[in-house]
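Please look over the sequence and the model shown here.

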2 protein chains.
Amino acid sequence: MSEMIKKPTLHDVSRAVGLSVYTVSRALSNRDGVSAASRERVLQAARELGYVPNRAAQELRRNTRSSVAVITASTSNYYYLDLMTGIQRTLRLSDRTAIVADVAAEGVYTRAVEESLVNDLIQSRTAGVIATLTLSPQSIQLFEKWEIPVVFVDSAPPKGADRVPSITTDNIGASMKVGAHLGDHGYTDWLFLAYPARWSTRAQRERGLREAAAAYGATLEVLESENDTASAYAALSGYLAVPGRSLPRVIIAGNNPMVHGALRVLRDRGVTVPSEAAIVAFDEFPWAPLLDPPLTVLNEDSETIGVLAAQTLARIIDEQVEAERLGKPPTPVYRPEYRQEMPAELIIRKSCGC
Amino acid sequence: MSEMIKKPTLHDVSRAVGLSVYTVSRALSNRDGVSAASRERVLQAARELGYVPNRAAQELRRNTRSSVAVITASTSNYYYLDLMTGIQRTLRLSDRTAIVADVAAEGVYTRAVEESLVNDLIQSRTAGVIATLTLSPQSIQLFEKWEIPVVFVDSAPPKGADRVPSITTDNIGASMKVGAHLGDHGYTDWLFLAYPARWSTRAQRERGLREAAAAYGATLEVLESENDTASAYAALSGYLAVPGRSLPRVIIAGNNPMVHGALRVLRDRGVTVPSEAAIVAFDEFPWAPLLDPPLTVLNEDSETIGVLAAQTLARIIDEQVEAERLGKPPTPVYRPEYRQEMPAELIIRKSCGC
DNA sequence: ATGATCCACCTAATCGTTTAGGAGGATGAT
DNA sequence: ATCATCCTCCTAAACGATTAGGTGGATCAT
């Protein structure tokens with residue numbers, strides 16, 4: 001029975017209906033040049049045979065690709081899930097799919113992993129890249145050479161790639177909001193538990209806090225940790241274990257893994273929040289209101305950021321495809337208006353002392 | 001300068017060194033039949049030109065593919081992150097990559113989405129599939145026709161596909177453990193807040209609870225909700241809002257989104273946990289110990305399950321490739337020992353009343 | 001000198017699509 | 001009757017890699 005042919009190709013369909021592969025191809029992709037009758041026969045045969053086009057062959061021939069890569073580190077950060085939701089929802093509209101590529105899958109980030117990942121993306125001729133952390137200038141150069149457009153989210157392009165678009169939160173303004181709230185509480189002894197500066201938001205968040213601290217006459221100490229819960233735990237307990245060191249009045253956790261580590265340290269040391277030490281964190285997450293005490297948090301609108309990033313990337317890719325169709329060099333064109341900055345809001349709950 | 005050629009192909013490298021594409025190909029893929037001197041020249045030229053092989057062309061010609069798809073629904077469930085960690089770590093060893101495909105990306109699961117996803121995976125000629133929920137028999141048939149091996153994790157194959165491997169938790173045993181603990185507390189009025197039976201663990205967990213309830217003379221009510229936090233919230237508040245209905249003594253949440261919804265309902269109604277109502281949940285997650293009160297939870301070892309699933313799939317794919325090399329039909333071979341069941345442990349914290 | 005063997009390399013076919021450049025026949029205008 | 005115009009369909013050449021099946025020459029045993 002014809003339906004049992006395994007892995008039928010265009011050719012098999014062509015033979016089955018007695019029309020050339022040309023006609024079959026046009027019929028299946030719904031372009032004209034095929035009579036209604038033939039089209040019907042082709043579709044019928046394709047259905048019966050269970051024909052499914054071979055994407056590798058299509059992409060090779062058409063020189064197009066359908067998937068966009070999201071480069072990320074530490075998928076355990078919750079904001080990343082919202083971000084992906086926004087990205088996926090938007091890309092689906094233009095029939096593209098997003099794949100995630102983790103540069104810190106084995107735990108820590110290394111240059112070697114970044115390089116091999118970038119190589120991998122070029123091998124698969126990705127349509128475009130959304131990066132959640134600043135990539136190396138070399139990576140950007142490579143993507144440029146292969147005409148793969150890049151958009152940064154919540155992170156800045158590296159030096160020398162200032163034209164590359166980025167969708168970010170107004171992190172300086174946001175952290176000043178955080179600082180102002182702490183200042184209003186009358187706290188003067190702040191500790192910022194921060195992830196590494198490789199994530200460019202780190203510098204901005206620190207800067208906003210510094211300005212706020214200066215305005216309120218508070219002292220700001222910065223404690224750096226790798227970007228995961230275990231490291232945050234280790235960093236903070238190491239810090240507090242130094243003899244003679246007193247507990248800061250408030251801890252500002254740079255993101256999700258940081259606040260997780262910090263809360264564990266405080267719990268293990270029996271510190272009462274917020275009466276002995278208050279705590280505030282960047283990045284809202286679903287469990288924040290259910291913690292003990294409910295966590296005061298700075299909420300970035302990650303989903304919207306994801307939507308904007310995906311829209312921007314999709315537009316650049318479309319322009320690129322169009323340029324190629326017209327025979328122009330298809331190098332991606334970045335316009336200044338592709339840079340966008342979103343506001344963030346402070347969600348006040350209990351952990352700050354309110 | 002030659003380095004500025006955009007998108008060099010094997011042909012460009014071949015021209016640059018004055019050797020045929022055959023020789024260049026062999027040199028780059030490190031097979032023999034090339035003198036050391038030529039190989040060096042080829043590698044040198046490839047480096048200078050910035051040559052990166054085109055994966056679509058390779059896969060088309062070699063008829064191999066390097067990526068494995070993980071079919072999932074509701075990525076907000078935390079166990080999924082651990083699962084992915086295990087899968088990624090294992091696949092990396094055999095130089096394969098995992099991509100995730102969400103059948104419920106738009107929120108709810110529909111048959112149509114499953115069908116189009118399966119079609120998509122066949123188009124890209126995925127090397128193999130790891131499914132975290134029971135797929136339709138049609139999907140299984142399709143994968144079979146295209147000789148794409150499938151492994152289920154934490155879920156059973158559909159009817160008629162009993163030979164397909166699955167790595168699961170001993171859910172019946174696990175839920176009996178849960179039930180026994182509740183029985184020992186002396187609770188007799190249990191409510192199971194459950195996700196739909198499309199996830200095959202649902203039935204097993206329910207069955208174990210039922211047996212335990214019978215053994216302890218408790219009553220078990222089952223309340224079903226869609227598999228997300230908002231639905232769980234709606235389902236439970238609707239249930240409790242029925243006039244004359246009394247609060248159950250203990251709520252057993254079927255998974256992560258369920259417990260999240262339930263805790264929000266209890267908080268909004270001012271119910272004290274565990275004195276007024278106790279709560280226990282399936283699936284450990286990082287925030288569980290930090291909630292108010294710390295959550296008693298049944299811990300599946302998702303990472304190990306991920307590792308086992310990936311190993312099993314990798315082995316099947318390898319056997320398949322080997323069979324093809326020998327000219328045999330490359331249909332995947334499933335052995336009975338590919339079915340594995342893992343134990344789970346109860347992590348007792350405070351929310352159960354301990 | 002002859003033949004066998006090996007090595008380094010090449011030519012050309014192939015994977016499954018898309019598509020430029022026709023070809024043949026029907027239709028309609030003149 | 002002639003020619004232009006449409007349709008519908010075809011042939012054959014790509015896309016960028018891999019590889020079966022040679023080729024020509026060096027080396028070596030006899």
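The points below cover the interface and then the helix pair.

This is a predicted model, in which local features need pLDDT of at least 70, side-chain atom pairs count only at pLDDT 80 or more, and totals for chains, interfaces and linings use all residues. Residues are numbered from 1 along each chain as its sequence is written, chains are lettered from A and ligands numbered from 1 in the order written, and side-chain values use heavy atoms, without hydrogens and water.

**Extent of the interface**

**Salt bridges**

- Six salt bridges link chain A and chain B (a side-chain nitrogen of Lys or Arg within 4 Å of a carboxyl oxygen of Asp or Glu).
- One salt bridge joins the side chains of A:Lys7 and B:Glu147, at 3.1 Å from N to O.

**Helix pair in chain B**

- The axes of H1(B), residues 10-17, and H2(B), residues 21-28, come within 9 Å and cross at roughly 105 degrees (helices are DSSP runs of H or I, at least four residues, numbered from the N terminus; axes are lines fitted to C-alpha atoms over the stretch in contact, with angles from 0 to 180 degrees between N-to-C directions).
- H1(B) and H2(B) are therefore roughly perpendicular (65 to 115 degrees).
- Among the residues that meet are B:Leu10 and B:Val17 in H1(B), and B:Val21 and B:Leu28 in H2(B).

Notes
Helices (H or I, at least four residues) and strands (E, at least two) are DSSP runs, numbered from the N terminus. Angles under 35 degrees count as roughly parallel, over 145 as roughly antiparallel, 65 to 115 as roughly perpendicular and the rest as oblique. Contact means heavy atoms within 4.5 Å.
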